[in-house]
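Hi,

Here is the structure I promised to pass on. Have a look at it first, and my notes follow below.

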Amino acid sequence: MMIKSLIPAAALVFSASLLSASQAACPPGLTQEDIVPPTDKSRTFIRLGAGEFGSARGSKTHTGVDILTRASYPDREAYAVYALGAGTVAYAKFNGVTLDDGFGNTIVVDHGNDCYSMYAHLASDPFTPMNDESSALLMSKGQTVAKGELIGYFVDQTVGVHSTGNAMRTAAGARWQTHFELWHAPSGRSGATLKAIYGEEANRTDPTSTLLSLGYKIEDIAQ
Ligand SMILES: [Zn+2]
């Protein structure tokens, strides 16, 4: 009797863990098999506090997470940004420098299943000093991307530049980063503005659990 009563309990735990694994990915339709880390997770991390989802940005709140490194590496892969999953580029544009729309070079990928990922502060090269406007995008709107395909770089600050847009210019040591978002909005959208795609602010969801499920850590760089 004891053994019989344990079997359903074990089965319940197993199915619950499968469910949470599928729900941890980009909501609602993507599974863990559909996604890969959007950067080198062994050398990048989510910045604690100011880099977290929902943290205060003056009168605004942070609508994604900042993925960054604080060390300088000789290889480009340390700064590479990859597509979270397969999809179509819905937005590829320079999004400005100011705090209002300061995402710099920005890519949005439509993954289907009402899921979009967004990558900001991108550069075409991690080591070449350049102005925001002269840093070319590696992708263009309408292009198909594969899971894990290179879509841009953030920048090694030691070459004397910052990542494009307002990538924490005032916080020394925190500038080499990409800003990552997940959106839950109807698939098939594209437009001249980010808002034309995400529609409502509430469609921007917290990507932290998805990134943690992919092996990222959250670290404090304040000290
Ligand atoms: Zn950010």
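**What I found: the core and its strands**

The largest nonpolar core has 45 residues, and Ile107, Val108 and Val109 are the ones that touch the most other members. By nonpolar core I mean a set of buried Ala, Val, Leu, Ile, Met, Phe, Trp, Tyr and Cys residues joined through C-beta atoms within 7 Å. Strand 8 (residues 115-122) gives this core its largest share, 6 residues.

Some housekeeping before going on. This is a predicted model, where local features need pLDDT of at least 70, side-chain atom pairs count only at pLDDT 80 or more, and totals for chains, interfaces and linings use all residues. Residues are numbered from 1 along each chain as its sequence is written. Buried means 20 or more other C-beta atoms within 10 Å of a residue's own (exposed is 12 or fewer, partly exposed is in between), with C-beta atoms placed from the backbone. Helices (H or I, at least four residues) and strands (E, at least two) are DSSP runs, numbered from the N terminus.

Now strand 7 (residues 105-110). It is largely enclosed by the rest of the structure, because 6 of its 6 residues are buried. Asn105, Ile107 and Val109 point one way from the strand, while Thr106, Val108 and Asp110 point the other way. In a regular strand, side chains alternate between the two faces of the sheet. Leaving out residues up to four places away in sequence, Val109 touches Ala83, Leu84, Gly87, Val89, Ala90, Tyr116, Ser117 and Val145 (contact: C-beta atoms, placed from the backbone, within 7 Å).

What does strand 7 pair with (pairing takes at least two DSSP bridges)? Strand 6 (residues 87-94) is joined to strand 7 by 6 bridges, antiparallel, and Tyr91 stands opposite Val108. Strand 8 is joined to strand 7 by 5 bridges, also antiparallel, with Asp110 opposite Tyr116. Strands 7 and 8 form a hairpin with 4 residues between them, and Gly112 in the turn has a positive phi of about 75 degrees.

Strand 8 also runs antiparallel to strand 11 (residues 177-184), with 6 bridges; there Met118 stands opposite Glu181.

Cheers

Definitions and conventions: Two residues are in contact if their C-beta atoms, placed from the backbone, lie within 7 Å. Two strands pair if DSSP finds at least two bridges between them.
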